[in-house]
Amino acid sequence: MKIEVKLKENSYQVFINELKELEFKGKVAIISNAKVAGLHMQSLLSKIKADELFIITIKDGEEYKSLATAEEILNQLFTSKLDRKSTLIALGGGVISDIVGFVASIYQRGIDFINIPTTLLACVDAAVGGKTGVNNSFGKNLIGTFKQPKAVYCESSFLKTLPQRELSAGMAEFIKMALSFDEKSLEFIEKLDEKDFFESFDDEIYKQIIAKSVELKADVVSKDEKENNLRMLLNYGHTFAHIIENQTAYKGFLHGEAVAIGMNMANRLALNLGLLKEDEVKKVQRLLSKFKLPTSYKIEDVNEFYEAFFLDKKTHNEKINFILLSKLGEAFIKNDVPKDVLLRTLEEFK
């Protein structure tokens with residue numbers, strides 16, 4: 001199955017369960033981590049033909065998505081004498097996709113890269129769309145670029161090695177997109193049997209989840225590649241989630257878990273603003289719980305949490321752009337949330 005991400009320049013295909021043989025002219029470097037490499041590297045190597053092939057492994061974890069790790073990768077690329085005709089391959093989850101895309105965008109002012117995601121979260125979100133970046137002490141993905149991959153290969157067979165938490169985390173991003181853009185996808189998720197999702201490892205189920213998610217994201221990215229307006233809606237739940245991740249040093253929650261909590265926080269804010277009804281908020285909570293996702297977080301210092309909003313990339317001229325739901329399946333940007341309502345919402349999570 002192929003889905004095209006249509007752009008003014010550099011359109012590309014997302015291939016689902018079609019990774020067969022990849023042939024390259026020039027040097028290729030595969031970047032992964034030791035855990036993913038141990039599971040999938042040999043399988044990938046059997047499919048690659050290249051003039052020269054290098055393997056680079058980095059430490060596993062969101063806390064290593066940093067400028068220091070990016071520099072480690074760059075140093076190895078320079079040592080291996082990759083040039084502007086070389087290609088990078090990101091083999092891994094969202095961290096690998098983000099940091100490899102970032103490195104590809106700055107190495108010798110830009111070289112090609114391909115995403116081969118190995119987590120559900122990366123398949124449905126991180127590997128598609130061209131947002132790259134690293135974290136720093138001020139927040140998540142505050143240093144980054146827009147760099148589209150040359151292609152993306154999603155293989156549902158890779159997902160069979162994932163623990164339940166990783167599957168849940170990926171589902172959070174699909175739920176996010178359905179709640180933001182598409183009631184039909186939301187209905188699909190509601191009807192999905194969680195036992196089939198977690199236990200049967202049915203390729204067809206994962207293929208449908210990946211395809212529906214990629215189709216939604218590809219449509220958004222094609223209309224707003226550089227996140228000027230519409231694409232900002234993909235950050236529903238993330239404004240809160242990024243603060244949670246930063247406060248817990250990227251160790252307390254997987255990204256998708258933090259997004260699930262962030263969606264619940266955003267919905268409580270929408271409820272307090274009179275945008276959503278109580279039964280809609282509870283419906284989303286039940287849906288998240290169905291896929292074993294958390295919805296609560298204990299805020300230690302409300303004022304500190306509030307101030308952290310102003311480091312968000314969507315904040316302009318001291319106005320916080322929140323992504324909220326006007327109804328399930330329809331998100332919008334709201335930048336005039338009264339401070340007292342926001343603080344009152346945060347107090348609910350103390």
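**From cavity to domains**

The largest cavity is lined by Ser97, Gly101, Phe113, Asn115, Ala126, Ala127, Gly130, Lys131, Thr132, Lys147 and Pro149. Helix 3 (94-106) and strand 8 (112-117) are the elements that give two or more residues to this lining. Helices (H or I, at least four residues) and strands (E, at least two) are DSSP runs, numbered from the N terminus. The volume of the largest cavity is about 40 Å³. The count comes to one cavity of 30 Å³ or more.

The model is predicted: local features need pLDDT of at least 70, side-chain atom pairs count only at pLDDT 80 or more, and totals for chains, interfaces and linings use all residues. Residues are numbered from 1 along each chain as its sequence is written, and side-chain values use heavy atoms, with hydrogens and water left out.

A cavity is a set of points, on a 1 Å grid over the protein atoms alone, where a 1.4 Å probe fits but cannot get out; a pocket is an open set with protein on both sides within 12 Å along at least five of seven lines; lining residues have an atom within 4 Å of a point. Grid points are joined across faces, edges and corners, and a volume is the space filled by probe spheres set on the points.

Now the second largest pocket. About 420 Å³ of space lies there. Its lining has 19 residues, with Leu7, Glu9, Asn10, Gln148 and Glu225 nearest the centre. Helix 8 (residues 203-223) gives the most to this lining, three residues. Domain 1 (2-161) and domain 2 (172-348) each supply at least three.

Those bounds come from an automatic or database domain assignment. The C-alpha centres of domain 1 and domain 2 lie 25 Å apart. Their contact (heavy atoms within 4.5 Å) takes 35 residues from domain 1 and 34 residues from domain 2.

Next, the cores. A nonpolar core is a set of buried Ala, Val, Leu, Ile, Met, Phe, Trp, Tyr and Cys residues joined through side-chain atoms within 4.5 Å. Buried means under 20% relative accessible area, exposed over 50%, partly exposed in between (1.4 Å probe, protein chains only). The largest core has 79 residues; Ile175, Phe197, Ile209, Phe291, Phe305 and Phe309 touch the most other members. Helix 10 (residues 255-272) gives the largest share, ten residues. Beyond its neighbours within four places in sequence, Ile175 is in contact with Ile189, Met263, Leu287, Leu288, Phe291 and Leu293. Another core, of 21 residues, lies apart, with Ile73, Ile99, Phe102 and Tyr107 among them.
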